[in-house]
Protein chains: 4
Amino acid sequence: MTNAVTLDRAQQIVTAGRKEAEKIGVPMNIAVVDAGNNLAAFIRMDGAWLGSIEIAQNKAFTSRAFDMATKHLAPLAEPGQPLFGIESTNDGKVIIFGGGIPLKNGEHVVRAIGVSGGKPDQDHEVAKAAAAAF
Amino acid sequence: MTNAVTLDRAQQIVTAGRKEAEKIGVPMNIAVVDAGNNLAAFIRMDGAWLGSIEIAQNKAFTSRAFDMATKHLAPLAEPGQPLFGIESTNDGKVIIFGGGIPLKNGEHVVRAIGVSGGKPDQDHEVAKAAAAAF
Amino acid sequence: MTNAVTLDRAQQIVTAGRKEAEKIGVPMNIAVVDAGNNLAAFIRMDGAWLGSIEIAQNKAFTSRAFDMATKHLAPLAEPGQPLFGIESTNDGKVIIFGGGIPLKNGEHVVRAIGVSGGKPDQDHEVAKAAAAAF
Amino acid sequence: MTNAVTLDRAQQIVTAGRKEAEKIGVPMNIAVVDAGNNLAAFIRMDGAWLGSIEIAQNKAFTSRAFDMATKHLAPLAEPGQPLFGIESTNDGKVIIFGGGIPLKNGEHVVRAIGVSGGKPDQDHEVAKAAAAAF
């Protein structure tokens, strides 16, 4: 119980995300999953979209599920593209717009962050700022 | 038990929506959710589409989930647009065509209305008329 | 559009239920389904259990699904009894405790009411009072 | 964006719960929902059961859904008791063992906490300690 590296890191990350979201003035939902793709920490800022509670978590899930930022999935998921239809896999938890980022330790993805509440570009920026705390 | 502001307001809203729907001659399903996105009141007008019972409720849900009219979501959800795929989030309850409107008290969304039974434009008009009762 | 017998009746029923619930001082969720077992009207009284929004609707559904009061299902659903396991049928919408009542016109069930928010006995009483308005 | 009362309170609560869990030496998942029964904050302590991520959230959900501690639901949900079968309502999110507590401000439930990771008695104790921070 003395060793709480994963949770402490996860909380540093959501706190850093919150600061960035406050700076740009958009309330966000912010989630962090661990290497096993299980939720480690989550916050909803006051006034953040209720519909984004799930989306933030699913962006984190998606980033770890495919080890890439969610914003890279949208073009791949269009008709005629290699991952057409991927958003309906994994019980519908795959999000294909920006706001999810995997975090690496060397070669390995060790956690992922998902942010939702603004425009996908804003979500991605907040996720990047949160990732920088890691 | 003497204080029933939320329900009384919700019923005024559905009643106003019903009047507008009668005026344009299209039977509608009309739902109101509260600030916490929980159903407060619902009516189905005689002859209204059965398949719209759920859609009306989900339009109300969506309007509160993202604090915007549902008709603004469709263009954002197309391939290449920022929210491509959003309709498969939140257990498929996100509706991206017209008929849902959030209702604000100052800055805050305090309830939302969802209407379904006609063309999305008609649904939106009925929702607007209902909102005017608020 | 001038003929709104079903909705008007449904609203009379929920209003009568509301009055009874106010009399006993327990806020309730009250739902009415029509003969086709589709939702016709719903209200949540201020302060009523959020978890009962669905239960009230499902009690109405169950009463019409099996044309009997929901309180008669519990003993039938116990281990060793004829309907053991019935609560997991119909997508889990079958409620086996009191609060749902079918409404007959002669031989035929023409609608059903579901009430949830208090003890099942209270729910059943409110449903009965609501049914009396029919 | 300057007003973050809900999130700040939710984080105080999960932090207080974490301290109690560390004291008894059992890693826990801890969730807080707001008055509308939407997730406000969540933490998973290192080593906490992965299967309890959802249970902690569902305990918080259940406590707000029925405005009571989840440990009071088990005896009511047994065969022959008033709420037999309630655990299959609300999409299976109703948890009927200890670890969920509603938090009141005067008469009104304004949030709820759910804890999962130990024995239900331990979960309840941690939830109580967390509630004391409120």
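Reply: Start with Asp91(C), which is found in the loop between α3 and β3 of chain C. Helices here are DSSP runs of H or I with at least four residues, strands are runs of E with at least two, and both are numbered from the N terminus. This is a predicted model, where local features need pLDDT of at least 70, side-chain atom pairs count only at pLDDT 80 or more, and totals for chains, interfaces and linings use all residues. Residues are numbered from 1 along each chain as its sequence is written, chains are lettered from A and ligands numbered from 1 in the order in which they are written, and side-chain values use heavy atoms, with hydrogens and water left out.

Me: What makes Asp91(C) count as exposed?

Reply: Its relative accessibility is 76%. Buried means under 20% relative accessible area, exposed means over 50%, and partly exposed is in between (1.4 Å probe, protein chains only). Therefore Asp91(C), at 76%, counts as exposed.

Me: Why does Asp67(C) count as partly exposed?

Reply: Asp67(C) has 37% relative accessibility, so it counts as partly exposed. It lies in the loop between α2 and α3 (73-76) of chain C.

Me: What is noted about the phi of Asp67(C) and of Asp91(C)?

Reply: Most residues other than glycine have a negative phi. Asp67(C) has a positive phi of about 50° and is not a glycine. Asp91(C) is not a glycine either, and its phi is positive, about 55°.

Me: Why is Glu20(C) called buried?

Reply: The relative accessible area of Glu20(C) is 18%, so it is buried. Its place is in helix α1 of chain C. Glu20(C) touches Glu125(C), Val126(C) and Ala129(C), leaving aside residues up to four places away in sequence. Contact means heavy atoms within 4.5 Å.

Me: How do α1 and α4 of chain C pack?

Reply: Two packed helices are described by the angle between their axes and the distance between the axes. Helix α1 (residues 5-24) and helix α4 (residues 120-132) of chain C pack at about 135°, with axes 7 Å apart. Axes are lines fitted to C-alpha atoms, for helices over the stretch in contact, and angles run from 0 to 180 degrees between N-to-C directions.

Me: What makes α1(C) oblique to α4(C)?

Reply: The angle is about 135°. Under 35 degrees counts as roughly parallel, over 145 as roughly antiparallel, 65 to 115 as roughly perpendicular, and the rest as oblique. So α1(C) is oblique to α4(C). From α1(C), the contact uses Ile13(C), Ala16(C), Gly17(C), Glu20(C), Ala21(C) and Ile24(C). From α4(C) come Gln122(C), Glu125(C), Val126(C), Ala129(C) and Ala130(C).

Me: How is Lys71(A) placed, and why is it called partly exposed?

Reply: Lys71(A) sits in the loop between α2 (52-66) and α3 (73-76) of chain A. Its relative accessible area is 41%, so it is partly exposed. Lys71(A) touches Phe97(A), Gly98(A) and His124(A), not counting residues up to four places away in sequence. Gln11(A) is 60 residues from Lys71(A) along the chain, and their C-alpha atoms are separated by 24 Å.

Me: What is the strand order of the open sheet that holds β3(B) and β3(C)?

Reply: Eight strands run in the order β3(B)-β4(B)-β1(B)-β2(B)-β2(C)-β1(C)-β4(C)-β3(C), with antiparallel pairing. Two strands pair if DSSP finds at least two bridges between them.

Me: Why do β3 of chain B and β3 of chain C stand at the edges?

Reply: β3 (100-105) of chain B and β3 (100-105) of chain C each have a single partner strand, so one side of each is left without a neighbour in the sheet. Neighbouring strands of this sheet are turned by 15° against each other on average, direction ignored.

Me: How do you know that β3(B) and β4(B) pair?

Reply: They have six bridges, in the antiparallel sense. Lys104(B) stands opposite Val109(B) in β4(B). Their hairpin has two residues between the strands, and there Gly106(B) takes a positive phi near 70°.

Me: How many bridges join β2 of chain A and β2 of chain D?

Reply: These strands, each residues 39-44, pair over three bridges in the antiparallel sense. Ile43(A) stands opposite Ala41(D) in β2(D).
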